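Dear colleague,

Please find below the structure that I am handing over to you. A summary of the findings follows it.

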Amino acid sequence: MARITYLECTKCGAQYSAEKPQTVCPQDGGVLYVRYDLASLKKDFRSSRLTGRTPSMWRYAEVMPEADPVTLGEGFTPMLPSREFANVYIKDEGLNPTGSFKARGLSAAVTMAKAYGLKKLAIPSAGNAASAMAAYAANAGIEAHIFMPKDVPLANRVECESYGAKVTLVNGLISDCARIVAERKESEGWFDVSTLKEPFRVEGKKTMGYEVVEQLGWRMPQGIIYPTGGGVGLLGMWKAFEEMEQLGWIGAERPKMICVQSIGCAPIVKAWDEHSKVAQTWPDASTLAAGLRVPKPYGDYLILDILRKSFGTAVAATDAEIMSSLRHWAEVEGVFAAPEGAASLTTYCKLRASGFFRPEDTVVLFNTGSGLKYLDVIEGHRKRSATPSRHIGGIIGPY
């Protein structure tokens, strides 16, 4: 643990040792951040030293926990220039192992779980985090216990079972899954790797921030549009920008951080509109974008603070808008996005139309996963919304 100086509570500032597994601050339940001796690193760790390194998130090893990585090749995903909009880039996280951005956080979390000698991990998940945890736990030889809503996309359940994880389907939301993990973890001997309930998923996700800046030639974009369920990636990228400034790689400039949620589950959007510092639990959460169906993010206070500091905003999209954007991206850009990722396109169009973003602004849209993970969801929506069709010479066509 030589590179980690301490773990710091994001609420009270209390500091804790990283020599043993930690969850949240015992004083106030605050999220713990990993802190490094960046002043010492600054002397030798320059951005130019990244040239020629392996194109994975572990290329930033100096600002990652010092442990033998449990890796499947995650990170350094493409930054695709949009064909439709000048100065817009699509950061395609669907090309990560297990098909989503969750690979980053779980690679880091399982790496540290293995370093600590943990034997059993438990996670509540809306789908993709479960798939990633199951894969990395299998690679590390650690027992994985997964709790998912029973209506998760089929691919997530099949993946988890294929990786050998012990899967429990819950009649409820991710919040109900989290409650079960919390109630049973002590008696079962599980270590809880829920969103923001341990410090290292943020460390994996922060590499997205390093990559965005590196892939733009060490320039900061004017905006980042990020689908937000638990919000770990948003927090991680902001942490990365702070670290890069302390390393002398960038200045004080920051992108406007844009939180995207579904209109059927938009606790951050509601809190933002009401100028609140925390979110309230969203009742009866419902959306086709499973990863956005998080009734109350644990790091809500951090997400809202970042939106304020970055002069960003929070936007909600309807399921119809999301699915329309999903098809549009596929047809125009050749990117088959997850519904959560497609919400980024909906949001960009809204913010361009309102004047929030100008045509000359460089904006990064995050596609957080592959549409291949959602075939049953996409096909189900198509059948419910399609116009009547008929067969013409063996080809299905509209009337």
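**An exposed leucine and its surroundings**

Leu372 counts as exposed because its relative accessibility is 57%, where exposed means over 50% relative accessible area, with a 1.4 Å probe and protein chains only. The model is predicted, so local features need pLDDT of at least 70 and side-chain atom pairs count only at pLDDT 80 or more, while totals for chains, interfaces and linings use all residues. Residues are numbered from 1 along each chain as its sequence is written, and side-chain values use heavy atoms, leaving out hydrogens and water.

Leu372 lies in the loop between strand E13 (363–367) and helix H12 (375–385); helices (H or I, at least four residues) and strands (E, at least two) are DSSP runs, numbered from the N terminus. Together with Phe336 and Leu375, Leu372 makes a nonpolar surface patch of about 290 Å².

Elsewhere, strand E7 (residues 143–149) runs parallel to strand E8 (residues 166–170), joined by 5 bridges; two strands pair if DSSP finds at least two bridges between them. Pro149 has Val170 in E8 as its bridge partner.

An open sheet of 3 strands has the order E2-E1-E3, with antiparallel pairing. Its edge strands, E2 (15–16) and E3 (32–36), each pair on one side only. Between E1 (residues 4–9) and E2 there are 2 bridges, and Leu7 stands opposite Tyr16 in E2.

Methods: Patches are made of residues with over 30% relative accessible area and no salt bridge: like charges are joined within 9 Å, nonpolar side chains (Val, Leu, Ile, Met, Phe, Trp, Tyr) within 5 Å. Accessible areas come from the Shrake-Rupley method with a 1.4 Å probe; for residues, only the protein chains shown count as cover. A salt bridge is a side-chain nitrogen of Lys or Arg within 4 Å of a carboxyl oxygen of Asp or Glu. Buried means under 20% relative accessible area, exposed over 50%, partly exposed in between (1.4 Å probe, protein chains only).
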